[in-house]
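User: Hi! I'm new to this one, could you walk me through it?
Analyst: Happy to, let's take a look together.

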There are 2 protein chains.
Amino acid sequence: MERKAIHDQIGQVRLHGPGPSDVPDSVLEALSSKTIGHLDPDFLRVMDQTQEMLREVLRTKNRMTIPISGTGSSGMETLVANLVEPGDRVAVVRNGVFGGRIADEVSRFGGQVVAINVEWGRTVEPEQVKEALSSGDCRALFLVHAETSTGALQPQMKEIGQLAHEHDALFLVDAVTSLGGTEVKVDEWGIDAAYSGTQKCLSVPPGLSPITLNERAMDKLRNRRTPVQSWYFDLTMIEEYWNEGGARKYHHTAPVNMIFALHEGLRLILEEGLDAVFERHRKNAAALQAGLESLGFTYIVEKAEERLPMLHAVFLPEGADEGKLRKQLRAECSLEIGGGLGDFAGKAWRIGLMGHSCREEKVEALLRDIRSVIVQEHGGPSA
Amino acid sequence: MERKAIHDQIGQVRLHGPGPSDVPDSVLEALSSKTIGHLDPDFLRVMDQTQEMLREVLRTKNRMTIPISGTGSSGMETLVANLVEPGDRVAVVRNGVFGGRIADEVSRFGGQVVAINVEWGRTVEPEQVKEALSSGDCRALFLVHAETSTGALQPQMKEIGQLAHEHDALFLVDAVTSLGGTEVKVDEWGIDAAYSGTQKCLSVPPGLSPITLNERAMDKLRNRRTPVQSWYFDLTMIEEYWNEGGARKYHHTAPVNMIFALHEGLRLILEEGLDAVFERHRKNAAALQAGLESLGFTYIVEKAEERLPMLHAVFLPEGADEGKLRKQLRAECSLEIGGGLGDFAGKAWRIGLMGHSCREEKVEALLRDIRSVIVQEHGGPSA
């Protein structure tokens, strides 16, 4: 087996799939800074700054706002492991792959899933949430804000949060794909806990999962009847390491360099300004949508206002072979886009405009490449 | 709050604590390679090569040899979550912090701990293991090969592995600190499953946990009566993503850049040659030991042959203030060493010579710095 160094064997692929997204040079530079100790005074300061910036991006004042030492799904597991106890009834909106994954997690940790099933590509109506919660005694309501498998953005978040609280349930949110690309207003929407990933709109390599929990969620954790079923994700211990000015008690060795990268990714977003970042996503999404529709693509999500700006889940033009064309784009254009997931495998593409991948010139190049393979294949819709 | 870039706010600290260790430039370079997709053909090839090199370093042919997407402790949780079922009796050798952590993990996942308690600083005798296993029906025996809290290296690994198998128990090993610094012969010692970390002798930043499971362990997993209690660490699903030539089914987004770094770390070790690497650790350990003893330090581990070459856990000379001197070394010499853990907090130092931190010139500089602060404080033992 050949043992070439990494830089001799990987290419300059442009990332327009469902994540990871392109990573800015300064983030890669931060990532490759000299490794220092996880209890080093310089590192503790970087931790504090990272938490502070995470709070800004999440629009929250929650003290417990930290990156979990694993990829996005580890944040999901952290919330379930800490906030769901065996026997707890938990309402879970299932309108795509990730709602299904949450239900699986809840079951594994002994919770009873009260499924709120919604057709894939649609979002949940507050009325459906109310009905499920009225059926009684749910300790939590779990919802995916931006469902990456269908491209749907959940509206009415504040209203749904209020419903959860009226029924004495925690409002728990998956913000993996939305954070850093569209508004995620944790405090204003009444979100009790949320998690995200670094490799989507934060434009940091995969490997960390930012989470936030408010005091209501922390109270649920502190008053558990049973120990947290995970040691690695036990927030009662992780808290003692992360809390600013606290004991800084060693739990596990923090992924130092990944936290450096997250620090820089957040710094860039706040330097540009959240509103400007969201406007950039909206504008480029509109351009991509116009281009795709002119080529004969149609959106899985029917309501235009419920489509994600950062992830375009689309059916291909009639007769196009998605697998073949996708391979061709990767091989001939060094362009990565994503295939369909779950129900849409083999039928759809998922085209990402996330974070640093969401730039006007990148959208133009992306559309040019997609047009070229579609036209080669079919002569194009208008040919 | 100041928002300086990382390179403007962290120093060039020399790492001689219990990990992370110094990271070679080429590993940092690999870490900062262009991020590519977790299903990209170039990345799949890097995954295959990484597995192949991990097998060499672990001296195993186990197909299931992969890095888990979390720090070292996530490997511990992975083994427990997959191989311990509720009600299983599991013998755990407790001779330091990490044996205690394993017992905690086993309990959280519903196992019954059969504790084999050994004085801290000592290792377990095969006779004690036999006695515990004879008490009946243990499904597994868990052991820390290199206990980082005391500096003890467990001998007689092969004999202990045989005892486990005679009693129909899986032999499960923590090789976090030993791997890449001293022999870890997975197949020859009859280890059924083991885990390690990247930030010790592999000289890669913290963030991944290499694990290996043989067919006996995989059979136990496949024949579970209950689902794995973790989704994130469920090896039945992770296997479908990692298996060479397999379905490459998406589970979670792999930490792409960290795997690049691990690839380079392993490549460097195999280029130098495992035997040469171990000899370097032995030689530098002897030099450090001679230097420390001449300054009045004494080892926690009494038997010289059971001391770790890569981590020297030592009591300070009479009257020395460990916290004060350690802070001084960090502030004045940009040198990190570790404090005592658990029973030895405030009483001992843990000085690491791990991987890239284990170089003749680094040992000389380290001893020079330690000598200078000790002599400042006390006039030194021979002054």
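Predicted model: local features only at pLDDT ≥ 70, side-chain atom pairs only at ≥ 80, totals over all residues.

Analyst: In it, 26 residues of domain 1 of chain A are in contact with 28 residues of domain 2 of chain A.
User: Which elements give two or more residues to the domain 1 side?
Analyst: Those are helix 10 (274-294) and strand 12 (311-315) of chain A. Helix 10 of chain A gives the most, with 4 residues.
User: Switching to chain B, what order do the strands of the open sheet follow?
Analyst: The order is 2-10-9-8-5-3-4, with 7 strands and mixed pairing. At the edges are strand 2 (64-68) and strand 4 (112-117) of chain B, each pairing on one side only. From one strand to the next, the twist averages 15°.
User: In what sense do strand 2 and strand 10 of chain B pair?
Analyst: Antiparallel, over 5 bridges. Met64(B), for instance, has Leu213(B) in strand 10 of chain B as its bridge partner.
User: Last one: which residues have the most contacts inside the largest nonpolar core?
Analyst: Ala91(A), Leu141(A), Ala91(B) and Leu141(B), in a core of 245 residues. Beyond its sequence neighbours within four places, Ala91(B) is in contact with residues including Val114(B), Ile116(B) and Leu141(B).

How values were computed: Residues numbered from 1 in each chain as written. Chains lettered and ligands numbered in written order. Contact = placed C-beta atoms within 7 Å. Core = buried A, V, L, I, M, F, W, Y, C linked by C-beta atoms within 7 Å. Buried ≥ 20, exposed ≤ 12 C-beta atoms within 10 Å, placed from the backbone. Pairing = 2+ DSSP bridges. Axes fitted to C-alpha atoms, helices over the stretch in contact; angles between N-to-C directions.
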